[in-house]
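I opened the model today to look up a few residues and helix contacts. My notes follow in the order I checked things.

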Amino acid sequence: SMTPLGNPVVPDCFFLTALTISAQEKPQTWSLEDCLQYAYQQNIELKQSRLSLESSRIDTKNAKAKLFPSLTAGISYQYNNTPFQETNNSDLDNYIITGNSGSDKNQFSGSYNLRGSLTLFNGGKQLNQIKTQKINEQMQSASLEETFDNIESAIISGYLQILYAQEAVLINQNTVEVSKAQCERGEKLKNAGTLSESDYAQLVSQYSSDKYQLVVSQNTLAQNQLTLKQLLELGIEESINIATPELDDTDVLTPLATQNEIYQTALACMPGIKYSELNIAASKLDIKSAKAGYYPSLSLSAGVSTGHLSTSNGNTGSQMKNKLSESIGLSLSIPIYSNRDTRSAVSKARIAATTAELDLQNVKKNLLSDIENLYLEVKAAQEQYVSAQEEVKATRASYNLIQEKFNRGMANTLELLTEKNNLLIAEQKVLQAKYMAILNRLLLNVYQNKPVSL
C-alpha cells in the first residue's frame, strides 16, 4: 500500500496580498495559488484574527484619547410635594417679605453643571501605555500573519497529499490491470497443463489483493480531498477538483540555498520572531509604567454650575445667572506607602521582561531546528529520488524478463510475483521521495518569503 507523506514542520513566515474570491467566483479547477488566496479570505480562524487586530486598533485609539481632557455635563431636576399646612403669622410675614408662601406644597428645582479634568503628570504612565498599545497592535498583526502561515502550511501539505494520492491510485490501477492480465495468462497456462492449480490460485489471490489496495488508495484520495475542503471552508455539497501540474525532475531536484542563508532570511521575516521581539519591547515599557507608581501625580480640574428653584424670586434665567459659579483646581497626589504594590509590580514586570527574552531565544532555537530538519529531509528525499529511479529501471527490466519467461512457462508464479512486488515497491519509493522533496522545498520557500507555487 502507498504510505502517506510525512507531517510537515509548520513555518512562520509568509504574507499573501488579499485577493477576494467570492462564493460565485470559485474556480472549477483549483491551483495551489487559488487555494491560498481563497483561504486568506474565507478561513474562519483568519477572520477571527482580523477581528482581534481591529479590536487592538480600537484599544490604541482609546489609549491616545486619554491624553486629552475628559468633559462631562450634568443636568438634574427635582420635584418636591409638601402637604398643605395652615397659614400662620410667620408664613404671612414670609410671604410679605419674600413673596413666597409657606403653604406652597409644590416645589421644582433644577441644577446644571459642566466639569472637566486633565492629568498633567503621572510619571509618564499614559505615554508608556500608548507606546505599549501600539506594540500590542503590531503583535496582533504578526499573530494574524502567523495564523495564515499555519493555514498555508496545512494547505500546501493537503494539496500535495492529494497529488500524491492521485499518483498512488494510478500506480494501483496499473497494478490491477497487470494482475488481471496475469490471471488470464495463468488460466491459459493452467488449461494447457503448464501451470499448477496452486500457482494459479496465487495469481488470483494477488489479483484480489491488488484490487483491495486500489480501493484503499481511492479512499485515501477521497479523505485527502475532504481535508483540503475543510481547510477552505467549503460546504458539504461542494466538491473540489485540483489542478494537476506537470512535475518533473527539475521540480524535485531544485538546488537549495545554504542552511545559514535560509535561517538568516527566516529570522528577518518570520512572524513568530517579530512577535517575540515586540513582546520584549512591550515588557520593557511595562517596567517603566510600573515605576510610574513611585512618582506623584498632578491633575487639573475645572467646572461651571448653576441652577434654579421654582419658589425663589425671579425668573429662571435671572436665577441661573445669579447662581452661576465657576471653579478650577489642581490636585497633587504623592505616594508615600502603597503596601509594596508598586515595588511588586516593578519586580513582576522585570521578570516578565526576562521571560520574554528567553522566549525569543527559544523561538530562534526552534526555528533553527525546524530549518535544519527540513533541509536534511529535502536533501535526503532528493538523493532517494535519484536512487529510486535507478532502482525502478533495474527492477522493471528484471520484471519484464521474468514475465516473459512466465508467459513461456519457464518461470514459476513465486518468481513472477516477487519481481512484480519489487517493482511496485520501487515505484512507491520514487513517488514518496518525489513529493517529500517538493513538499519540504516549498516549506523552505515559505521560510525564505519566496512565492509558493507549482
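**Entry 1: Val 215.** Is Val 215 buried or partly exposed? I looked it up: Val 215 is partly exposed, at 41% relative accessible area. My cut-offs are under 20% for buried, over 50% for exposed and partly exposed in between, with a 1.4 Å probe and protein chains only. Val 215 sits in helix α5. I also checked its distance to Gln 173, which is 42 residues away along the chain. Their C-alpha atoms are 9.5 Å apart.

**Ground rules.** This is a predicted model, in which local features need pLDDT of at least 70, side-chain atom pairs count only at pLDDT 80 or more, and totals for chains, interfaces and linings use all residues. Residues are numbered from 1 along each chain as its sequence is written, and side-chain values use heavy atoms, with hydrogens and water left out.

**Entry 2: the whole protein.** I found eleven helices and four strands. Both are DSSP runs numbered from the N terminus: H or I over at least four residues for helices, E over at least two for strands. The protein has 454 residues, and 37% of them are buried. I then looked at contacts, meaning heavy atoms within 4.5 Å. Of the contacts between residues at least 6 apart in sequence, 84% join residues at least 24 apart. The accessible surface is about 25500 Å², with 52% of it on carbon and sulfur atoms. That area comes from the Shrake-Rupley method with a 1.4 Å probe; for residues, only the protein chains shown count as cover.

**Entry 3: α5 against α11.** I compared helix α5 (residues 197-231) with helix α11 (residues 413-447). Their axes come within 9 Å and cross at roughly 20°. The axes are lines fitted to C-alpha atoms, for helices over the stretch in contact, and angles run from 0 to 180 degrees between N-to-C directions. So α5 is roughly parallel to α11, a label for angles under 35 degrees. On the α5 side I listed Asp 199, Gln 202, Leu 203, Gln 206 and Asp 210. On the α11 side the contact residues are Thr 413, Leu 414, Leu 416, Leu 417, Lys 420 and Asn 421. By class, the contact has four nonpolar, four polar and three charged residues. In this scheme Ala, Val, Leu, Ile, Met, Phe, Trp, Tyr, Cys and Pro are nonpolar, Asp, Glu, Lys and Arg are charged, and the others, Gly among them, are polar.

**Entry 4: covered helices.** How many residues of helix α1 are buried? I get nine of eleven for α1 (residues 32-42), so I noted it as mostly covered. Among the buried ones are Leu 32, Cys 35, Tyr 38 and Tyr 40. Asp 34 and Gln 41 of α1 are also buried. The cover over these α1 residues includes α2 (44-65), α4, α5 and α11. Next I took helix α7 (residues 259-269). Its buried residues are Ile 262, Tyr 263, Ala 266, Leu 267 and Cys 269. They pack against α8 (271-291), α10 (341-407) and α11.

**Entry 5: two glutamines.** Gln 133 lies in helix α4 (residues 125-192). Gln 133 is buried, at 14% relative accessible area. Its side chain reaches the backbone oxygen of Ser 56 at 3.3 Å. Beyond four places in sequence, Gln 133 contacts Ser 56, Asp 59, Thr 60 and Ala 63. Gln 107 is in strand β2 (residues 106-121). Gln 107 is partly exposed, at 26%. Gln 107 and Tyr 79 are 28 residues apart in sequence, yet 5.7 Å apart from C-alpha to C-alpha. Not counting residues up to four places away, Gln 107 touches Gln 78, Tyr 79, Asn 80, Leu 309, Ser 310 and Thr 311.

Entry 6: Most residues other than glycine have a negative phi. Glu 233 has a phi of about 60° and is not a glycine. Glu 233 lies in the loop between α5 and α6 (249-252) and is partly exposed, at 32%. Arg 340 has a phi near 65°. Arg 340 is in the loop between β4 (325-333) and α10. Its relative accessibility is 44%, so Arg 340 counts as partly exposed.

Key. Polar contact = N/O pair within 3.5 Å; in protein donor to acceptor, adjacent residues only side chain to side chain. Parallel < 35°, antiparallel > 145°, perpendicular 65-115°, else oblique.
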